[in-house]
Amino acid sequence: MNRLPVTIISGYLGAGKTTLINRLLAEDHGQKLAVIVNDFGAVNIDDALIQDTDGGKITLTNGCVCCTMGADLAVALREVLNRPEHPDHVVIEASGISDPVAIANSVLNENGLSYGGIVTLVDAEHAQMLLNDPLVAPQAEQQIRAADLVIATKCDEISDSLGAALKSAGARTPTVLNGSPVAELLFDIVPLPKGRAVAAHPAYTTWQHRSRTVLDRRALGDKLAERPAGLYRMKGFVLTTGGAYELHVVGRHVEAKRCEAEETVLVGLGPADRISRDEIEAWWAA
């Protein structure tokens, strides 16, 4: 059985996590989502989307379902796994003061789940104030440092001063979304190339590669360790001297497992303001 990917939305209080969740629920992405939130009261779901409500669960007409986290995240995750209709992706809205790494560990401990990334939102208007506050800074920095992708909210672009502050806090791939579709970046919906180009929103760079070249297995490990920070997602199959491997890359996280494959087939995606197709190609060809 394919494991269910889980993406964690993190960020300090007021960073815009609920706004992002609302956008995801409203987008026409074709994914059946299971969204685990801290409190239904903050999630502004359009009444026209609501099909049914039952205690701690809301079923939507687009196939998505929302449920509250309650006291035990593991219980909520198992309830999602046990649903008769399996969702395509799980999104967890972490509390503003939570440790996203602890949530990720809960995900990795469930056999039926796979890691879909930690996305940390940062309020651009107040980020530098928070990062300079000795009481708040350790928590905010922890959330930023843990993230596979940092999204600055409440701004059109990342200023030099904000960029320096995020870099100092350990941000890997800071970007802004503005009006770009959220699902294209967060979810694994880019298809493997089968004779046609991958189409994506202009805000995102896409890359694809196909060959029968066999890479040295150790060289592959070194290459992945040196991948460009802006390459947020990559998946596919790679032929190596140690056999074929199926790759799943999400930000800082790399998963490689043995598989059967006749050729190397890869796709990659990242924010266009952080990486170009030529940069990805140059990295892979090196």
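## Close-up views of a predicted model

The protein has nine helices and 14 strands. Please keep in mind while browsing these views that this is a predicted model.

**Overview. The whole chain and its surface.** Of the 286 residues in the protein, 51% are buried. If we take the contacts between residues at least 6 apart in sequence, 72% of them join residues at least 24 apart. The accessible surface amounts to about 13600 Å², and carbon and sulfur atoms account for 48% of that area.

**View 1. Strand β8, covered on both faces.** Here we look at β8, which spans residues 149-153 and has five of its five residues buried. In a regular strand, side chains alternate between the two faces of the sheet. On one side of β8 we find L149, I151 and T153, on the other V150 and A152, and all of these are buried.

View 2. Which strands pair with β8? One partner is β7 (residues 113-123), which pairs with β8 in the parallel sense over five bridges. In β8, T153 has D123 standing opposite. Strand β9 (residues 174-175) also runs parallel to β8, and two bridges join them. Across from V150 stands P174 of β9. To get from β8 to β9 the chain passes through helix α6 (residues 160-169), making a right-handed β-α-β crossover.

View 3. The buried residues in α6 include L162, A165, L166 and A169. These four lie on the same side of α6, because they cover an arc of only 95° around the axis. What covers the buried residues of α6? Strands β7, β8 and β9 are among the covering elements, along with helices α4 (127-131) and α5 (137-146). Just after α6 comes G170, with a positive phi of about 100°.

**View 4. T173, on the way from α6 to β9.** This residue sits in the loop between α6 and β9. Is T173 buried or exposed? Its relative accessible area is 1%, which is under the 20% cut-off, so T173 counts as buried. Beyond residues up to four places away in sequence, T173 touches D148, L149, V150, A229, G230, P271 and R274.

View 5. Most residues other than glycine have a negative phi. K154, which is not a glycine, has a positive phi near 60°. You can find K154 in the loop between β8 and α6. With 44% relative accessibility, K154 is partly exposed. N178 is not a glycine either, and its phi is positive at about 50°. The loop between β9 and α7 (183-186) holds N178. N178 is partly exposed too, at a relative accessible area of 41%.

**View 6. S98 and its polar contact.** S98 belongs to the loop between β6 (89-93) and α3 (100-108). A polar atom of the S98 side chain lies 2.8 Å from the backbone oxygen of S95. Because its relative accessible area of 15% is under 20%, S98 counts as buried. Which residues does S98 contact, leaving aside its neighbours within four places in sequence? They are I103, Q139 and Q143.

**View 7. Helix α9 and what covers it.** In this helix (residues 277-285), I280, W283 and W284 are buried. Their directions span an arc of only 95° around the axis, so they share the same side of α9. Exposed residues D278 and A285 are carried on the face of α9 turned away from the buried side. The cover over the buried residues of α9 includes strands β10 (204-211), β11 (233-240) and β14 (264-271), together with helix α8 (217-225).

Technical notes:
Residues are numbered from 1 along each chain as its sequence is written. This is a predicted model: local features need pLDDT of at least 70, side-chain atom pairs count only at pLDDT 80 or more; totals for chains, interfaces and linings use all residues. Side-chain values use heavy atoms; hydrogens and water are left out. Buried means under 20% relative accessible area, exposed over 50%, partly exposed in between (1.4 Å probe, protein chains only). Two strands pair if DSSP finds at least two bridges between them. A crossover is right-handed if, with the strands pointing away from the viewer, the path from the first strand over the helix to the second runs clockwise. Contact means heavy atoms within 4.5 Å. The arc is that of the directions from the helix axis to the C-beta atoms. A polar contact is a pair of N or O atoms within 3.5 Å; within protein, one must be able to donate a hydrogen and the other to accept it, and residues adjacent in sequence count only if both atoms are side-chain atoms. Accessible areas come from the Shrake-Rupley method with a 1.4 Å probe; for residues, only the protein chains shown count as cover.
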